Amino acid sequence: MKLGDYIFTSESVSKGHPDKVADQISDALVDAGLKAGDETTRVAVETLVTTNYVVLAGEVKNFNVSNEQVEQIIRDKVKEIGYEQEGFHWDKLTVDNKTINNQLHSQSADIGLGTDDFGAGDQGIMFGYACDDTEALMPAPIYYSHEILKKLEEMRNDGYKYMLPDAKSQVSIQYEGGVPRRVDQIVISHQHTDGFGHSIKMPCRSAAEQVLGGLIDEKTVWHINPTGNFVIGGPDGDTGLTGRKIIVDTYGGFAPHGGGAFSGKDPTKVDRSAAYMARWLAKNVVADNMADWCSIQLSYAIGVKEPTSIYVDSNGHNRSIQKFIRDSIDLTPKGIIDRFDLFNFNKYSENCTYGHFGTKDVPWEQIGW
């Protein structure tokens with residue numbers, strides 16, 4: 001968190017954004033693999049989506065899901081998201097004409113040497129963050145960007161038939177003395193049916209006003225579908241890839257990011273599980289009034305159980321926070337998995353939209369040491 005006066009911007013994307021479509025498919029396969037397997041199951045799945053075309057690639061172990069089931073999972077997920085367009089339609093993604101290519105293969109035995117007994121699934125650095133900007137202890141720009149799109153999804157489901165699945169939001173918050181005071185600019189791009197470019201502006205503005213309330217003033221600048229038209233969208237308009245929205249998934253750029261994506265990975269991959277732990281730690285530090293904001297970094301080496309480092313930055317007593325965490329919390333991959341029961345979570349695909357943190361009914365968002 002910065003002190004002083006400044007404007008900070010974060011963006012979010014809807015469930016129908018092509019990158020999020022890919023994330024949801026990858027995580028649906030994680031859910032299926034864990035449900036059909038056990039703690040020996042390993043999943044690392046990447047998805048590419050484009051015009052009526054889906055490609056899977058990745059590594060699995062004890063993945064007891066058939067190719068037919070994989071195909072059905074993909075079609076079901078695309079249908080659930082709401083794609084029944086000419087360029088991307090759940091019923092047109094068939095195996096026969098190879099619009100689904102399944103390139104999943106066995107996990108490397110060399111990786112298994114380090115991870116079968118719950119050593120870290122890879123090396124890397126993971127960050128967690130929390131601050132008192134919002135009740136969710138999330139930075140205001142990303143929090144409000146998510147909430148606008150959630151509200152728009154509710155509207156689309158409530159009968160606004162001209163609203164299509166692909167959408168993005170962006171909120172610029174003006175801070176004074178490090179406190180969010182007003183919204184400087186709002187950007188919303190929302191896909192719509194042909195001929196409804198003007199009509200889409202009403203629900204977009206209404207959603208933002210409901211979410212932001214008094215933070216909007218007469219000087220707030222609005223940009224709703226700035227190009228004037230957004231008919232061709234989703235994977236038909238832009239190729240989507242798993243793991244390309246890691247800043248949307250976390251803190252909107254307000255805090256550091258270690259670079260590793262979450263989706264498509266079983267919980268032995270510390271890119272996912274340790275990032276969840278770091279968020280839980282930071283959130284509890286702030287909730288426990290140990291600091292107004294807190295950033296925590298964890299690092300790991302592949303096959304090694306204990307973290308290679310723990311770093312705390314906050315406006316509290318960093319040394320005592322770090323010592324408490326090191327002495328009190330099991331930060332091994334197995335310890336994290338057990339604390340959050342990650343092998344039985346089975347909601348990864350449901351959770352991977354509108355960020356992995358914030359107003360989420362998930363174990364790593366719970367308050368209490």
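The mean positions of the 36 positive and 52 negative charges of the protein chain lie 1 Å apart. Lys and Arg count as positive, Asp and Glu as negative; His and the chain ends are not counted. Each charge is placed at NZ of Lys, CZ of Arg, CG of Asp or CD of Glu.

The model is predicted: local features need pLDDT of at least 70, side-chain atom pairs count only at pLDDT 80 or more, and totals for chains, interfaces and linings use all residues. Residues are numbered from 1 along each chain as its sequence is written, and side-chain values use heavy atoms, with hydrogens and water left out.

The protein chain holds 11 helices and 13 strands. These are DSSP runs (helices: H or I, at least four residues; strands: E, at least two), numbered from the N terminus. The radius of gyration is 21 Å, close to the 21 Å given by the globule rule for 369 residues, so the chain is as compact as a globular protein of that length. The radius is taken over C-alpha atoms, and the rule is 2.2 Å times the number of residues to the power 0.38. Along its principal axes the C-alpha trace spans about 60 × 60 × 25 Å.

Buried residues make up 56% of the 369 residues. Buried means under 20% relative accessible area, exposed over 50%, and partly exposed in between (1.4 Å probe, protein chains only). The accessible surface comes to about 15,400 Å², with 47% belonging to carbon and sulfur atoms. Areas come from the Shrake-Rupley method with a 1.4 Å probe; for residues, only the protein chains shown count as cover. Among contacts (heavy atoms within 4.5 Å) between residues at least 6 apart in sequence, 73% join residues at least 24 apart.

Arg 75 is found in helix H2 (residues 67–81). Its relative accessibility is 16%, so Arg 75 counts as buried. Leaving aside residues up to four places away in sequence, Arg 75 touches Trp 90 and Leu 93.

Rings of Phe, Tyr and Trp (its six-membered ring) pair if their centres lie within 6.5 Å; planes under 30 degrees apart count as stacked, over 60 as edge-to-face and the rest as tilted. The count comes to 20 aromatic pairs. One of them joins Tyr 276 and Phe 357 edge-to-face, at 6.0 Å centre to centre and 90° between the planes. Tyr 276 lies in helix H8 (residues 270–287) and Phe 357 in the segment after helix H11 (348–351), so the pair ties together parts 81 residues apart in sequence. Tyr 276 is buried at 0% relative accessibility, and Phe 357 is buried at 3%. Trp 280 and Phe 340 also pair edge-to-face, at 6.0 Å and 70°. This pair links helix H8 to helix H10 (residues 333–340), across 60 residues. Both Trp 280 and Phe 340 are buried.
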